[in-house]
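Biologist: Could you pick one part of this model and take me through it slowly? I'd like the neighbours spelled out, and then whatever else is worth a look.

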Amino acid sequence: MRIVLLCLFVICYSAAYSQSNDASAIKQIYSEELSRGKSYSMLEYLTTTIGARLSGSPGAAAAVEWGRHELDNFTDSVFLQPVMVPHWIRGQKEVGRVINSKKRGVVEMNVCALGMSVGTGPSGVTGSIVEVKSFDELKQLGEKNVKGKIVFFNRPMDPSKFNTFEAYGGAVEQRALGPSEAAKYGATGVIVRSMGLNQEDYPHTGGLRYTVNIAKLPAIAISTKHADLLSKILKEEKDIQFYFETHCETLPDAPSYNVVAEIKGSEFPNEIIVVGGHLDSWDLAQGAHDDGAGCVQSMEVLRLFKVIGYKPKRTIRVVLFMNEENGLRGGLEYARQAELKKEKHIAAVESDDGGFTPRGFTMTATEAVRTKIKSWKPLLEPYGLYSFDNEGGGADIGPLQAQGVPIIGFLPDSQRYFDYHHTQEDTIDKVSKRELELGAASMASLIYLIDQYGL
Ligand SMILES: [Zn+2]
């Protein structure tokens, strides 16, 4: 009996002891980041000195060199993992206008080519417009109403959804698949309402995916304000003509890299915890929230461990993935190499939902893993991390799922993300230094706990 009591005492004591150890380690992580964090200054350099970094561009190449150089300062080793990426270029500024409104004359519209679209070339596309809200509606109209016309997909993101990513998920098929859907009925071009909840002047770009063996139509995004205006004009006058001109093209694939850096684990060096974001951005943006924020927050995890003197038991690896926006080649190559080398990843964490106030983490993992992570909630809740129930992860780490790796996404507040997403407005001035740092500290704290206890 006495032995049992003694054992119980030892177990309780050591659990309490490690809990308070964990609490003080997490406190140290937060105070270091909030007092002397480097995430914002790193992001400032990446977004303003380097700027836009679409795959295959000089900006992307400069970002790779920057990432390698920065990570070299606070990791054991850095290497570049080669990957061939799509090389799409926008070319000269796009044109979009209503050319014959009886009431308004020529009406200029704010448009931009969708990523990976074919261009119209200098002759442009002219035609009357068919406005639809869904693929079903398009199907109903059929070839006889669509052939030779420009299809205008104008279903807004659903503002009644609290989670803006859900609203995005409910509308984005128009951008991704709309051009090929419209081509099936003989359309000549496509206009897509920008993926945003606000009334805005600027268009949101983003990738489309052509279906194989279906004609590739040139496609543009139109600002939400002008989408509403165009819809209004169409209600007033049925026979207006729209003209648009884009000069984008896809060049041969270009060589690029994932930037990979790590601190070797002291006890279980073969167990890898990967944390990352994507280094590429759309060409119109500085890529501050998408996803410069995720890159610097991930880099900061390793720098924080170094400066607070924490030596991880497991190997912590940072990956700055290339080409999330228009191909996911970096994420796919990373997972392929991990499988080839038979690496054991115990968790993958990504930050790619913006540098906003932290709310928690999303997970795609077994029930046992979820339960274990949720058991750490008392340690994380004091820092505003309360949401651990949603499914999720990140595009770049997604391919690791096939190897049974638990996938975890950093979850910040989502309300402002789509005000900037894939636009010229995704700039450093939209990022709060404080919120960005809280995200970096949240990620470092979670990774500290995974490192301590495994998954
Ligand atoms: Zn992103």
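**Serine 194 and beyond**

Modeller: Let's start with serine 194, which sits in the loop between strand E7 (189-193) and strand E8 (219-222). Strands here are DSSP runs of E with at least two residues, helices are runs of H or I with at least four, and both are numbered from the N terminus. Keep in mind that this is a predicted model: local features need pLDDT of at least 70, side-chain atom pairs count only at pLDDT 80 or more, and totals for chains, interfaces and linings use all residues. Residues are numbered from 1 along each chain as its sequence is written, and side-chain values use heavy atoms, with hydrogens and water left out.

Serine 194 has 2% relative accessibility, so it counts as buried (under 20% relative accessible area; exposed is over 50%, partly exposed in between, with a 1.4 Å probe and protein chains only). Leaving out residues up to four places away in sequence, serine 194 touches Tyr202, Pro203, His204, Ala221, Ile222, Ser223 and Thr224, a contact being heavy atoms within 4.5 Å.

Now for the rings. The structure holds 13 aromatic pairs; Phe, Tyr and Trp rings (for Trp, the six-membered one) pair if their centres lie within 6.5 Å, and planes under 30 degrees apart are stacked, over 60 edge-to-face, the rest tilted. One of them joins phenylalanine 165 and phenylalanine 418, edge-to-face at 5.0 Å centre to centre and 70° between the planes. Phenylalanine 165 belongs to helix H5 (residues 164-169) and phenylalanine 418 to helix H12 (residues 417-420), so this pair ties together parts 253 residues apart in sequence. Phenylalanine 165 is partly exposed at 24% relative accessible area, whereas phenylalanine 418 is buried at 1%. Phenylalanine 418 also pairs edge-to-face with tyrosine 417, at 5.0 Å and 90° between the planes, and tyrosine 417 is buried too, at 3%. Ring pairs link Phe165, Tyr168, Tyr417 and Phe418 into a cluster.

Last stop, helix H9 (residues 329-340): its 12 residues reach 16 Å from first C-alpha to last, close to the 16 Å expected (1.5 Å times one less than the number of residues). Its buried residues include Glu333, Tyr334 and Gln337, and the buried residues of H9 pack against strands including E1 (77-89) and E13 (344-350). After H9 comes lysine 342, with a positive phi near 55°.
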